[in-house]
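Me: I have a model to go through and want each label tied to its criterion. Please set the values against the definitions and conclude.

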Amino acid sequence: MDLSAINPVLLIASLMVAATPLLLAAIGELVVERAGVLNLGVEGMMIVGAISGFAIAVETGSPWLGFLGAAVGGALLSLLFVILTQVALANQVASGLSLTLFGLGLSSLMGQRYVGVKPPQMPDIHIPGLSDLPVLGPILFSHDLMLYLGVGIIAAVWAVLKYTRAGLILRAVGENHDAAHALGYKVVRIRIAAILFGGACAGLGGAYISLIRVPQWTEGMTAGVGWIALALVVFASWKPWRVLLGAYLFGGVTVVQLNLQAAGVAIPVEYLAMSPYLVTILVLVILSADKSSAPASLGRIFHASH
Amino acid sequence: MKLTSLLASAAMVLGLATGAVAQDKTKVGFVYVGPVGDGGWTYEHNQGRLAVEAEFGDKVETVFVENVAEGPDSERVMTQMALNGADLIFTTSFGYMDPTINVAKKFPNVKFEHATGYKTAPNVSVYSARFYEGRAVQGTIAGRMTKSNIVGYIGSYPIPEVIRGINSAYIHAKKVNPDVQFKIVWAFTWFDPAKEADAAKVLIEQGADVILQHTDSTAPQAAAKNAGNVITFGQASDMGEYAPMPRVSSIIDNWAPYYIERTRAVMDGTWETVNTWNGIGQGMVGIGEISDAVPADVKAEALALKAAIASGEHHPFTGPLNKQDGSAWLAEGEVADDGTLAGMNFFVEGITGDIPQ
């Protein structure tokens, strides 16, 4: 066993990278669920975002346009969910699941030409002075901009939900859509906006995997992150900062367990491999022991005549 | 004639017609563990499938299902294939072993071929490639090329095939570089690009400048490329898009000749249960071109080893070799038998870390 081989600074820096796709997808789904819609299609929107972003970044040479394309791609796919659940009033669980299946198939079709292609690099920021600080520099000031944007989105969602009128309306729609409707709010329109936002965030999360974390395109490369994001939203009791905590915890334990393995720590590998799931669930379950519960209208279909 | 009887006779004619077509065509099914676009393991099996189609033209019909999870789900997929009239089914991952045996019992007239397993039945053959021969060549290059003397190894599952590869690579790296040390990470997946990339990054952060992988995607190659001065090897497929750096060589699985031969056997009615385990000599394991990033003398040494293995002159597991706990395994000059290799569940002396049980 040689723990000295593990560099804690690099470890923290890489856990932030590992957590970002999960964080982006989860915060998008949080907004969707706070508006009272259960979209199980996160995995599908992520993978479509991953290939849309990858393709556009490769064709234009700009990772930024790639991320923009990923957000648009994810939102476009979620538009399908909008049509099914908000217009045709289909069952949300079934629609979400089919969205994932469709997204996985569509992405491998779109990605045929991009296997083995290298995307343009997204440079890490370098702030003279700050980035050169020992310890803090590599942890806080030397990442790619998308990582900061992810944290920024968490903060923005938190602020909007807590302090603004728009956030209050969104929550009202999610808690009791009939009451919100009676007050004159456009329930369906608000939900559509939330679903599109969720799709865009999931797309960004997918593109973070294909453009930064891996970076390459491979079929099925999101490999279940979308499902973990869904679970994370529940365990985080629909609270933005807990999503951040949960994502970093999950990413952190994932990276730590790989580090421990490489350093030859004598804990059986099976326990290490399941530790990210266990630790994340445990911590968030303990945190959610307070009164918070799911949005009351979550997953229920709204029609103005009911 | 009444409409119903007309319909019935039409249906009968159709049924006869399709029956006749079905008799002409041999239907071959493939079950894949990853997507055909993984650029590695499944990609090469699919190349084999395409070769079968090219060889027999419209005398065969091939079907495949990708991304099939190991375990009960694979049993369902195989059953469906057999019900749909497949004559021969290739199941291409270790974890399909018991499902293949189970389904084969239910369909005695369908032939099954299971890759990398060891359980056979009257209608189940097993086939595998001696990847460890390729690992010996990789180990030699890795031992010569490493400057930090740390070689990172991404394992998938602790099964004999993977353990053999680690041992073979270690033995040959150690032979040319006595200071070499292996750091092994078990990913517990065949295919998860993000996790494979993380594993590669962790190994690089801990000082590895050579990464060997036994997982299916090209993600570790991308991670090594970003890190700069790290070399990798293509796994299962050439992964030539990452040459000349980081990918300096590769192990390429060539399933096409075997798939063609077995399909022909089913057509001729000469199919019988076999246990095939071929290596570099028979062409089932190929060594991808060694790139210019490798110095000429190292390249020559690796190619000489490859030739020696191909001719049978050198066996990668030749004594004296001890097991990890120091107990004697092979005496001087003794060569490991296939039975021990097929069930290998121990590291050789010098490797640190335990095999997850």
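Me: What makes A:Ala229, A:Leu232, A:Val233, A:Val243 and A:Ala247 contacts of A:Ala26?
Reply: Two residues are in contact if their C-beta atoms, placed from the backbone, lie within 7 Å. Leaving aside neighbours within four places in sequence, A:Ala26 meets that criterion with A:Ala229, A:Leu232, A:Val233, A:Val243 and A:Ala247. This is a predicted model, in which local features need pLDDT of at least 70 and side-chain atom pairs count only at pLDDT 80 or more, while totals for chains, interfaces and linings use all residues. Residues are numbered from 1 along each chain as its sequence is written, and chains are lettered from A and ligands numbered from 1 in the order in which they are written.

Me: Which residues have the most contacts inside the largest nonpolar core, and what makes it a core?
Reply: A nonpolar core is a set of buried Ala, Val, Leu, Ile, Met, Phe, Trp, Tyr and Cys residues joined through C-beta atoms within 7 Å. The largest such set has 191 residues, and A:Leu22, A:Ala26, A:Ile27 and A:Val243 have the most contacts inside it. Helix α9 of chain A gives the most to this core, 16 residues. The core also draws at least three residues from each of domain 1 and domain 2 of chain B.

Me: Why is A:Ala223 called buried?
Reply: A residue is buried if 20 or more other C-beta atoms lie within 10 Å of its own, exposed if 12 or fewer, and partly exposed in between, with C-beta atoms placed from the backbone. A:Ala223 has 20 other C-beta atoms within 10 Å, so A:Ala223 is buried. This residue sits in the loop between α9 and α10 (225–235) of chain A, and has a positive phi of about 45° although it is not a glycine. Most residues other than glycine have a negative phi, and most peptide bonds are trans.

Me: Why does A:Trp238 count as buried?
Reply: A:Trp238 has 23 C-beta neighbours inside 10 Å and therefore counts as buried. Its place is in the loop between α10 and α11 of chain A. A:Trp238 has a positive phi of about 60° although it is not a glycine.

Me: Which peptide bonds of chain B are called cis, and on what value?
Reply: The bond from B:Met245 to B:Pro246 is cis, with omega near 0°. B:Pro246 lies in the loop between β9 and β10 of chain B. Another cis bond joins B:Gly319 and B:Pro320, where omega is about 5°. B:Pro320 is placed in the loop between α10 (296–311) and β13 (321–322) of chain B.

Me: Why is β7 of chain B called an edge strand?
Reply: The sheet is open, with 6 strands in the order β7-β6-β8-β9-β10-β12 of chain B and mixed pairing. Its edge strands are β7 (181–186) and β12 (285–288), each of which pairs on one side only.

Me: How much of β7 in chain B is covered?
Reply: In β7 of chain B, 6 of its 6 residues are buried. B:Gln181, B:Lys183 and B:Val185 point one way, B:Phe182, B:Ile184 and B:Trp186 the other, and all are buried.

Me: How many residues make up the contact between the chains?
Reply: The contact takes 32 residues from chain A and 29 residues from chain B. On the side of chain A, α11 gives the most, with 6 residues.

Key:
Two strands pair if DSSP finds at least two bridges between them. Helices (H or I, at least four residues) and strands (E, at least two) are DSSP runs, numbered from the N terminus. Domain bounds come from an automatic or database domain assignment.
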